[in-house]
Amino acid sequence: MSDLLRLLQTIFGYSTFRPLQREIIEATLADKDVFALLPTGGGKSLCFQLPALARPGLTVVVSPLIALMKDQVDQLQASGVAATFLNSSVGEKEARSRLAGLHRGQYKLLYVAPERLMLDSWLENLKAWNVVALAIDEAHCVSEWGHDFRPEYRQLAKLREALPGVPVMALTATATGRVRDDIIKHLKLRNTQIFVASFNRPNLTYRVIPKDQPSKQIIDFIRKREHESGIVYCASRATAERVAEALAGRGYAARAYHAGLDAAERARNQEAFLRDDTRIMCATIAFGMGINKPNVRWVIHHDLPKNIEGYYQETGRAGRDGLPGDCLLLFSAGDIAKQTHFLDEITNKQEQEIARAQLRQIVHYAESAGCRRAELLEYFGERFPLDNCGACDNCSEPRETYDGTLVAQKFLSCVYRIRQNSRFGVGLNHVVEVLVGADTEKITRWGHDRLSTYGIGKDLSRPAWAAVGRELVRLGYLGIDEGEYATLNVSEEGMAVLRARTPITLTKPLDLPKAKRVTRREGDVECDEILFDRLRTLRRKLADERGVPAYIVFGDTTLRAMARSYPDRIERMEGIPGMGEKKRAEFGQIFADEILIYLKTNSRQAFD
């Protein structure tokens, strides 16, 4: 057995590497600079943790969040790894003790925030500590084009001068090609080995439904999942508070998390969620980056996200343990209007243009009748090889279509007539106002009330016409002009169907969901559910005794494997995923005893 595989088994309790992990580890051990793009739950942390154990010296991990540092260090220490962190949460006396340990060379991994690393005294420390590798987690924070830009990350390039011979690894779970190039350039990576894993998360199910009494929709969703952890993402602090109160009023353990709470309350609420005291977190996007809770089973978006990257990252917090996760987006035309209003207030024109393009992409995703998985992957430049993923609403229950030739002709004609008459283009909303015969100041001023297409669409509502316009953009019959204003134009394909009166099939707008067929999902691990529940109770007791989140003891994947194979003696724990040698020595006998007690009054179930 290779040394890397031995470390993987004995320390982390896994018998095989996930895709690209071994290649990334071997590249960094060969002192190469690495850029690694692995999806959330794809095992990024192991890519720098395992090499740190395979060579002498210290690996420094740059991480943006205090909670993430503590969480990863807790997990490493539980597996017997000498790791520590230094940030503002550590008291002066404890910080001195940890610094002394670093000077003595007693740690393999040090987690630290970017701004602390750049202090002058720290640069001297780094040179004295035998740093052999530098890992920059959440590296998309380097790029202004990323969805979570942090200026302090830009300073990290200075470490190249301070530690010229030390290999750098940049890791992220979400980045387009443009962001990837930006990261490599700004971190001054050299002869970079680039690794890009598939963005596909096969264990996640994606659904979009029209927003209609959202509190009731969320409660109906949660009622079937009362013992599961989940996150409700909201666009504003007030909405996060309101949804948390509505859920708590129904007896659910729910709390709010947003930047308006003081740091102590945010930390308390996050800790309660990590330890399963609170099952539901109602949060703004301030919550989540680096949340390493593996057993989040569902994510709801109460409001339309600002962009696809953020949406992908947030939905990716479900099912990090590989077990099934549900992602639900509540969508309404009103959300588009709200977001557009916020965008109008952005003063930097380039920022505004980027934000408008990102909003169009997420609206396109929400309204599309195509496979949700294929849409997400296409955004990141990846093609999904199947016609039907079987795990999104559009694949499992395809939307109805209708003959949209007449409405398409009306819309395309209206765009064409406006441009022909005025010699300039207008936006979607203005076209809709002309179609329904609205009496607005712009329509009168520009003479659009005298067009032949004025008022020819009174039979449809404004939202219905807007949905038709957006679908014609998706189908390529309408184009959007680049520039300060997103004005519409009829494309060559659109002109062709206008002239030939070609039949056009359109998709009926989103409707409220029907009863859902239950099928076996990717990531499902069949097991004895009663035993799984007993093991979960035991795990909670052990975690509480140690003052750590339950998943620090074992993840759900490990418990389900035990509830499937019934290892009633410690020798039979060999090969259980997530159970390294230290954890087997510490907890194996306790769980084996619990399984033995259970089997005295219950028979073993057989699984395929």
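The largest nonpolar core has 109 residues, and Leu50, Leu109, Tyr111, Leu117, Leu156, Leu304 and Tyr365 touch the most other members. A nonpolar core is a set of buried Ala, Val, Leu, Ile, Met, Phe, Trp, Tyr and Cys residues joined through side-chain atoms within 4.5 Å. Buried means under 20% relative accessible area, exposed over 50%, and partly exposed in between (1.4 Å probe, protein chains only). The model is predicted: local features need pLDDT of at least 70, side-chain atom pairs count only at pLDDT 80 or more, and totals for chains, interfaces and linings use all residues. Residues are numbered from 1 along each chain as its sequence is written, and side-chain values use heavy atoms, leaving out hydrogens and water.

- Beyond its neighbours within four places in sequence, Tyr365 is in contact (heavy atoms within 4.5 Å) with residues including Tyr206, Ile308, Leu329 and Arg372.
- A second, separate core of 30 residues includes Val407, Cys414, Val415 and Val434.

- Asp335, Ile336, Gln339 and Leu343 are buried in α15.
- Seen down the axis of α15, these buried residues fall within an arc of 100° (directions from the helix axis to the C-beta atoms), so they line one face of the helix.
- Their cover includes β13 (325-331), α16 (349-367) and α22 (462-474).

**Positive phi**
- Leu20, in the loop between α1 and α2, has a positive phi of about 75° although it is not a glycine.
- Glu138 has a positive phi of about 55° and is not a glycine either.
- Leu20 counts as partly exposed at 21% relative accessibility, whereas Glu138 counts as buried at 4%.

Key:
Helix = DSSP H or I, 4+ residues; strand = E, 2+ residues; numbered from the N terminus.
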